[in-house]
Amino acid sequence: MKIELEDIYKYFGPVRANDGISLTIESGVIQGLLGENGAGKTTLMKILSGYQPADRGTILLDGRPVHFRSPADAIAAGIGMLHQDPLDVPAFSALENLALGSPGGPFLNRARARRTLEALCQRFGFALDPDAPVSSLTVGERQQLEMVRLLALGVRVIILDEPTTGISAPQKALLFQALRQLSAEGLAVIFVSHKLDEVRELCSRVTVLRQGKVTGHLEAPFATDDMVSLMFGQVLGKYTRRPIPLGGVILQIEDLAVRSHRLEVRGIHLTVRAGEVIGLAGLEGSGQRLLMLACAGLQKPHGGRIILNGQDVTGQPYPTFLRQGVAFVPAARLEEGLVPGLTLREHFALAGNTRGFFIRWEEAEARTAQMIADFNIIGRPDTPVEALSGGNQQRALLALLPENLRLLILEHPTRGLDIASSRWIWHRLLERREEGTAILFTSTDLEELVEYSDRLVVFSGGKMSAPLDASRVTVEELGYLIGGRGL
Amino acid sequence: MTWRARLVRLGIALAPIGLTLVMTMLILLLAGADPFEAYGNILSGAFENPKKIADIAVAMVPLLLCSAGMLVTFAAGLWNIGVEGQMIAGALMTTWLVESLTAPAGVILPLSVVAGLVGGALWGLLTGLIRTYGGVNEIFAGLGLNFVASALTNYLIFGPWRPPDGATMSGTDPFPPSAWMPLIGQTRASLVSILLSIIALVGVWLVLRGTYWGLKLRAIGRNSRAAQRLGISTHRNMLLAFIVCGALAGLAGSLQTTAVYRRLIPQISGGYGYLSQLVVLLSGLRAEWVPLVVFFFSAVQVGSPRLELRMQLDSSLGGILQAGIVLFFLLVRGFRERWHAPEKMEEGDGPIAY
């Protein structure tokens with residue numbers, strides 16, 4: 001089956017997730033789809049597999065236009081997708097999950113499902129217990145089950161979205177072998193990933209996305225340099241900024257361990273001085289956020305110590321961190337930073353002095369007007385924050401920060417913003433260094449990391465590297481480091 | 001706004017009323033009754049004489065108090081279904097006071113109000129503690145405590161507060177006259193109750209509009225995570241919201257004992273706690289709409305028993321009217337939001353997710 005995606009557009013509010021993507025996929029090929037998080041890969045694949053409609057554009061199967069209203073439509077047409085997080089029913093057994101999606105009468109045909117499951121498992125060397133509840137399976141096994149389910153439904157195109165996240169090395173080898181086998185049998189396999197090594201190992205063709213657009217198509221064998229430059233964009237000249245003398249130690253991290261349900265990073269050591277900017281590099285989900293949350297007092301570390309302004313604050317509640325002059329600016333502005341439904345004025349009233357009973361509206365109004373002018377926010381005091389554009393929401397978040405911070409932690413401070421807004425925001429952030437504020441930030445934009453950091457640390461493979469002098473690292477070198485390859 | 005947009009808005013506002021009338025009309029036709037005669041009976045039953053109008057005021061008091069309280073918890077994003085229990089707790093505390101203290105009216109009546117506030121506040125606090133520290137959803141915590149409060153009432157009526165000549169479902173012995181709230185003329189309405197309920201609603205309106213606490217509650221209700229990041233203590237403020245809501249509901253319960261029944265009866269809360277949920281939903285969580293909705297609900301409440309007398313219809317038609325209008329209101333709003341809502345991004349979709 002030949003799949004042609006023509007001129008696919010999908011916007012989410014101001015975010016252009018897919019901005020005119022065209023792509024052709026032949027059967028019998030393992031097609032890689034490479035790009036950073038947020039490049040639009042998942043959105044495109046969800047459109048192809050019927051989970052969401054495109055705003056504009058056509059999908060052709062063997063030259064015929066198709067419109068999928070649901071994943072079931074897409075499966076009926078032979079296209080199935082394996083999600084980053086398996087979408088099965090955890091309380092059911094493997095067998096029941098398989099039977100659940102099968103066509104047929106109102107009754108579950110367990111015997112037939114069992115035969116199908118066993119045959120497919122044997123073919124690919126999967127060892128799935130049909131009667132085990134899905135909740136007892138590992139991520140890799142659930143993925144195998146989902147693959148078996150799609151194949152039992154007769155799909156001819158199988159899409160895998162970051163399938164190697166959270167699975168073991170033997171499971172990965174088994175998965176790759178199964179995918180090669182499927183493509184040899186004439187199925188089209190679409191492998192979505194941001195990991196260069198995996199794409200190189202598995203794919204025969206790769207399409208690279210960046211900021212919702214196709215930046216290039218490559219045929220195997222792939223040169224890593226080509227992939228890196230297509231993924232992260234061209235290398236620009238560095239932004240020069242005034243060096244400032246560093247002050248005393250603000251943050252000291254000793255042998256810190258942070259963890260989430262799928263990741264643990266141990267042995268983190270870092271010392272940050274007043275006025276210093278530290279960039280946290282790495283693929284998203286490599287532990288940068290965990291470290292930031294720990295430093296902001298929003299998540300208790302699993303081990304080690306955090307010393308702020310000379311005081312051990314490990315395990316202290318969030319207000320203690322606030323009092324020590326720490327602020328965290330999240331990437332999810334409307335989820336974690338601002339309160340949708342409240343106006344700018346109400347935000348500034350809350351962020352100011354809230355002593356007393358009645359709101360001092362004149363004070364809030366004056367502050368709001370001043371901040372709107374100061375931070376070039378396009379909005380009025382009575383504008384609800386959700387009505388602001390992404391860039392203005394970011395400006396509002398920065399305007400809400402207290403003065404004289406000791407440590408400012410920023411998650412993707414310029415994500416989704418155009419270059420002018422980004423430069424402006426960095427200008428304001430770097431000003432804060434002169435008050436002795438230390439800055440910790442993450443970004444997926446390598447240029448931003450190299451340009452604005454004094455030192456860089458790289459998260460990869462469950463570890464954080466020793467700090468590097470940012471002025472001696474190029475964007476390409478950083479790309480290699482992030483992809484888990486040494487210099 | 002253009003005339004056309006205005007008309008559409010008016011249509012959307014009136015649609016729930018129209019749909020409710022259509023639905024009840026169908027029910028009445030199926031029951032073989034004349035719908036217009038039924039509506040007429042409800043109206044005349046509610047408004048035919050000043051005494052009836054005073055009855056409407058009597059029904060409005062607990063609804064206003066409970067709705068005022070619930071505006072506070074709703075502002076903080078909490079579904080305080082436990083208002084019913086908080087009302088009962090206020091009634092129990094008041095009865096306990098009356099049973100254990102003999103004093104002139106000038107002493108006991110103000111104290112009874114305080115007892116109602118305190119009883120409800122404690123019950124609300126309990127709900128809040130279970131919610132914030134026990135990790136139990138406030139709907140289940142509240143519902144559970146409603147049953148506890150109701151069982152406690154029965155135990156007290158049939159146990160410690162049993163009348164000397166034997167306990168019955170009609171409740172405790174009447175309170176001594178010193179614990180009777182004075183009534184207006186020959187009606188059943190109490191001026192004190194009416195004033196207290198007005199003060200409560202206006203107070204809540206002021207708090208939610210113009211105080212730091214009200215603003216913090218609204219921030220918590222709309223995005224507790226962001227509110228916390230702004231340095232607002234979510235737990236403490238939620239508990240305070242439960243306490244304030246409980247206190248107002250408790251006052252409602254207390255006034256039901258001292259001003260309406262003049263004793264403790266098994267069903268002292270009378271479903272007003274649940275009804276006020278509907279009031280608050282129908283007023284779109286806005287204090288300024290609450291009096292109108294409460295008035296409508298109370299008029300239906302007072303008028304619908306006439307259906308039984310005159311037309312041999314069950315008076316529960318009143319309940320169907322009340323609930324129907326809320327359902328259709330929520331449905332119409334839901335549809336409107338669906339049409340206008342932008343698509344949401346899912347996690348993993350792109351730049352905003354992490």
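Which residues of α6(B) are buried?

## Helix α6 of chain B

In this helix, B:E138, B:A141, B:G142, B:L145, B:N146, B:A149, B:T153, B:L156 and B:I157 are buried (20 or more other C-beta atoms within 10 Å of the residue's own, C-beta atoms being placed from the backbone; exposed means 12 or fewer, partly exposed in between). Seen down the axis of α6(B), these residues fall within an arc of 140 degrees, so they line one face of the helix (the arc is that of directions from the helix axis to the C-beta atoms). The face turned away from the buried side carries the exposed residues B:F147, B:A151 and B:Y155.

## Basis of the model

This is a predicted model, in which local features need pLDDT of at least 70 and side-chain atom pairs count only at pLDDT 80 or more, while totals for chains, interfaces and linings use all residues. Residues are numbered from 1 along each chain as its sequence is written, and chains are lettered from A and ligands numbered from 1 in the order in which they are written.

## Nonpolar core

The largest nonpolar core has 243 residues (buried Ala, Val, Leu, Ile, Met, Phe, Trp, Tyr and Cys joined through C-beta atoms within 7 Å). A:I409 and B:L248 have the most contacts inside this core. Helix α3 (residues 50–75) of chain B gives the most to the core, with 16 residues (helices are DSSP runs of H or I, at least four residues, and strands are runs of E, at least two, numbered from the N terminus).

## Sheet of chain A

Four strands form an open antiparallel sheet in the order β2-β1-β4-β5 (strands pair if DSSP finds at least two bridges between them). Strands β1 (residues 3–12) and β4 (residues 56–61) of chain A pair over five bridges, and A:L5 stands opposite A:I59 in β4(A).
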